[in-house]
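Subject: Structure handover

Hello,

Here is the structure I promised to pass on. Please open it beside this message and follow along.

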Amino acid sequence: MLALKFNGRSLISPLGIVRLLEIFFSCTAFSLAATYKDYGGNYGSWSMFTWCFCFIVSVFVVIMELISLDAALPVSWQDFTSAFSMLATLMIFTTSVVYPATFIPSCQRYHCGYQIGATIMSCLCFIAYAVEVGLTRAKAGELSNFLTTIPGLLKVFEAYVACLIFSLLGISDYKKFPGLEWCVAVYCICFILTMVIIILTIGRCLGSLPIPVEKTLIAYNILAVLMYLTVVVVWPLYSFRDNPRPRCNISPGRCVVWDNDLGITFLSFFNLIAYIVDFAYSYKMVFVTTPA
């Protein structure tokens with residue numbers, strides 16, 4: 001039988017205080033947005049989901065540590081909380097940009113204050129989660145779990161950026177050319193492998209694999225860099241060759257597709273840079289920091 005033990009110190013530690021602020025800011029953000037139901041459409045639904053999701057998981061984390069049940073879970077708790085804080089930082093950052101850009105310009109004067117307030121709370125929530133990432137990140141020379149290191153945090157970033165790319169993809173857009181289909185295959189392969197690494201790490205299974213894990217991860221990063229190098233050339237080549245930006249007032253549908261293709265191009269460059277930095281840090285940790 002599990003023995004519950006009250007751990008009040010978890011609430012008054014710097015990390016505990018930051019998590020309480022995250023709960024307060026996210027709760028306030030979705031409450032203000034919900035007052036006049038200012039969350040319609042895809043972007044509004046995304047914003048509301050982000051605030052509610054981060055609020056629920058943060059409450060779960062605080063409660064589990066408060067009653068000392070975190071060690072009883074069959075997962076690496078440190079990896080789980082580190083991965084979540086990084087994911088929440090990225091999600092809240094996206095929401096803090098998308099929500100005001102979508103709803104504030106067209107808001108009614110009598111309830112603009114609620115939307116502005118939700119945006120401010122969202123920005124403060126982003127800062128709180130970013131502080132948590134800084135507090136839980138492994139310091140130089142410190143033995144810690146993989147997802148608390150720079151390469152581990154970059155794995156979460158890479159997976160999140162891939163999800164953003166998938167949200168901008170349209171099936172009819174990449175079926176035109178084999179080159180674009182190759183790009184989508186790269187996005188899928190790298191996303192799946194990155195998610196497998198994250199899941200195995202949280203499930204405490206990565207270290208039990210019958211392979212040299214550190215060197216395998218470096219080999220995967222090299223492969224991902226090479227594949228994304230082809231993507232950042234092929235995707236814009238086929239997407240924008242003989243395809244200037246259409247006038248949005250004449251062809252709004254084509255304009256959206258063109259903008260989505262441009263967004264995918266920038267996100268592909270972001271992921272390429274992330275995989276390069278990931279490789280550099282992983283190589284340093286295995287071949288430079290670790291003694292032979």
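Below are the notes on what was found. Bear in mind that this is a predicted model.

**Annotated spans**

Start with the record. An unreviewed UniProt entry places the feature "transmembrane region" at residues 12–36, 48–68, 80–101, 113–131, 152–172, 184–206, 218–238 and 262–281. Two of these spans were checked in the model. Residues 80–101 are 100% helix and 0% strand, and the end C-alpha atoms lie 32 Å apart. Residues 113–131 are also 100% helix and 0% strand. There the end C-alpha atoms are 27 Å apart.

**Nonpolar cores**

The largest nonpolar core has 27 residues. Which members touch the most others? They are Ile165, Leu169, Tyr187, Cys190, Tyr228, Trp235 and Tyr275. Four helices each give this core at least two residues: α6 (150–168), α8 (178–202), α9 (213–240) and α10 (252–289). The largest share, 11 residues, comes from α9.

Neighbours within four places in sequence are set aside here. Tyr228 then contacts Ile165, Val186, Tyr187, Cys190, Ser268, Asn271, Leu272 and Tyr275.

There is a second, separate core of 23 residues. Among its members are Ala33, Met64, Leu69 and Ala118.

**Aromatic pairs**

The structure holds 19 aromatic pairs. Two are worth a look.

One joins Phe60 and Trp77. Their ring centres are 6.1 Å apart, with 55° between the planes, and the pair is tilted. Phe60 sits in helix α3 (residues 41–66) and Trp77 in helix α4 (residues 77–103). The two residues are 17 apart, and the pair links distant parts of the chain. Are these residues buried or exposed? Phe60 is partly exposed, with a relative accessible area of 35%. Trp77 counts as buried because its relative accessibility is 10%, under the 20% cut-off.

The other pair is Phe84 with Tyr129. The ring centres are 5.9 Å apart and the planes stand at 85°, so this pair is edge-to-face. Why does the pair tie together separate parts of the sequence? Phe84 lies in helix α4 and Tyr129 in helix α5 (residues 112–136), so the parts joined are 45 residues apart in sequence. Both Phe84 and Tyr129 are buried.

Phe84 and Tyr129 also belong to an aromatic cluster. Its members are Trp46, Phe49, Phe53, Phe84 and Tyr129.

Best wishes

Terms used:
Residues are numbered from 1 along each chain as its sequence is written. This is a predicted model: local features need pLDDT of at least 70, side-chain atom pairs count only at pLDDT 80 or more; totals for chains, interfaces and linings use all residues. Side-chain values use heavy atoms; hydrogens and water are left out. UniProt positions are given in the numbering used here, feature names are shortened, and annotations may be inferred rather than shown by experiment. A nonpolar core is a set of buried Ala, Val, Leu, Ile, Met, Phe, Trp, Tyr and Cys residues joined through side-chain atoms within 4.5 Å. Buried means under 20% relative accessible area, exposed over 50%, partly exposed in between (1.4 Å probe, protein chains only). Contact means heavy atoms within 4.5 Å. Rings of Phe, Tyr and Trp (its six-membered ring) pair if their centres lie within 6.5 Å; planes under 30 degrees apart count as stacked, over 60 as edge-to-face and the rest as tilted.
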